[in-house]
Amino acid sequence: MREKMLKLTCLIKKEGEQYSSLCLELDVASCGKTREEAFEGLKAAVETYVSYLVQEGREDEIYRPVPQEAVREFLLGEVEERKLITIYVRPLEFSYVA
């Protein structure tokens with residue numbers, strides 16, 4: 001067994017009274033009352049997702065990028081045509097043993 005590192009890209013945006021987060025490389029999402037809570041929830045979701053696939057012997061299925069239309073929907077959702085929104089981008093490095 002050896003340690004492996006995933007370098008991931010996380011998007012975070014405000015939706016109403018909460019923040020949504022999305023990992024582009026794994027199609028894993030979460031949310032929270034603050035940006036940090038949304039990011040921490042995403043880290044926990046990534047850990048659960050990766051751990052499950054490794055335990056099932058499906059490590060080759062870990063990467064499953066978010067489809068382009070789903071990225072567009074996450075970024076724009078119900079945004080009015082001329083409204084500007086703020087998107088936060090955070091890197092996430094996650095290591096696991098396989």
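The following legends describe an overall view and several close-up views of a predicted protein model.

Figure 1. The secondary structure of the protein consists of two helices and four strands. The C-alpha trace spans about 50 × 25 × 20 Å along its principal axes. Of the 98 residues in the protein, 30% are buried. The accessible surface amounts to about 6,800 Å², and carbon and sulfur atoms account for 48% of this area. When contacts between residues at least 6 apart in sequence are considered, 58% of them join residues at least 24 apart.

**Figure 2. The largest nonpolar core of the protein.** This core comprises 19 residues. The residues with the most contacts inside the core are L8, L26, V46, V50 and I62. Two or more residues are given to the core by each of β1 (3-15), β2 (18-23), α1 and β4 (87-97). Helix α1 gives the most, with seven residues. Another core, of five residues, lies apart from this one and includes L11, L22, V71 and F74.

**Figure 3. The surroundings of L8, one of the residues with the most contacts inside the largest core.** With residues up to four places away in sequence left out, L8 touches C23, E25, L26, V46, Y63, R90, P91, L92 and F94. Two of these, L26 and V46, are also listed with L8 among the residues that have the most contacts inside the core. The list of residues touched by L8 includes the charged residues E25 and R90.

**Figure 4. E25 and D27 in the loop between β2 and β3.** E25 lies in this loop and is buried, yet has no salt bridge. The nearest side chain of opposite charge is that of R64, which is 11 Å away. A salt bridge requires a side-chain nitrogen of Lys or Arg within 4 Å of a carboxyl oxygen of Asp or Glu. Apart from neighbours within four places in sequence, E25 is in contact with K7, L8, T9, Y63, R64 and P65. D27 is found in the loop between β2 and β3 (28-32). The phi angle of D27 is positive, at about 55°, although D27 is not a glycine. With a relative accessibility of 33%, D27 counts as partly exposed.

**Figure 5. The salt bridge between K4 and E59.** Side chains of opposite charge can pair when their charged atoms come close. In the pair of K4 and E59, the closest N and O atoms are 2.7 Å apart. This pair links distant parts of the chain, for K4 belongs to strand β1 and E59 to the loop between α1 and α2 (68-76), 55 residues apart. K4 is partly exposed, with a relative accessible area of 23%. E59 is likewise partly exposed, at 24%. The count of salt bridges in the model comes to six.

**Figure 6. The salt bridges K13 with E15 and K43 with E40.** The side chains of K13 and E15 meet at 3.2 Å, N to O. K13 is buried, with a relative accessible area of 5%, whereas E15 is partly exposed at 36%. In the pair of K43 and E40, the closest N and O atoms are 3.2 Å apart. Both K43 and E40 lie in helix α1, three residues apart, which is about one turn of the helix. K43 is partly exposed, with a relative accessible area of 30%, and E40 is partly exposed at 37%. Across the protein there are 14 positive and 19 negative side chains, and the centres of these two sets lie 4 Å apart.

**Figure 7. Y52 in helix α1 and its distance to I62.** Y52 has its place in helix α1 (residues 35-55). The relative accessible area of Y52 is 43%, so this residue counts as partly exposed. Y52 and I62 are ten residues apart in sequence, and their C-alpha atoms are 9.6 Å apart in space. I62 is one of the residues with the most contacts inside the largest nonpolar core.

Notes: Residues are numbered from 1 along each chain as its sequence is written. This is a predicted model: local features need pLDDT of at least 70, side-chain atom pairs count only at pLDDT 80 or more; totals for chains, interfaces and linings use all residues. Side-chain values use heavy atoms; hydrogens and water are left out. Buried means under 20% relative accessible area, exposed over 50%, partly exposed in between (1.4 Å probe, protein chains only). A nonpolar core is a set of buried Ala, Val, Leu, Ile, Met, Phe, Trp, Tyr and Cys residues joined through side-chain atoms within 4.5 Å. Contact means heavy atoms within 4.5 Å. Accessible areas come from the Shrake-Rupley method with a 1.4 Å probe; for residues, only the protein chains shown count as cover. The place of a charge is taken as NZ of Lys, CZ of Arg, CG of Asp or CD of Glu.
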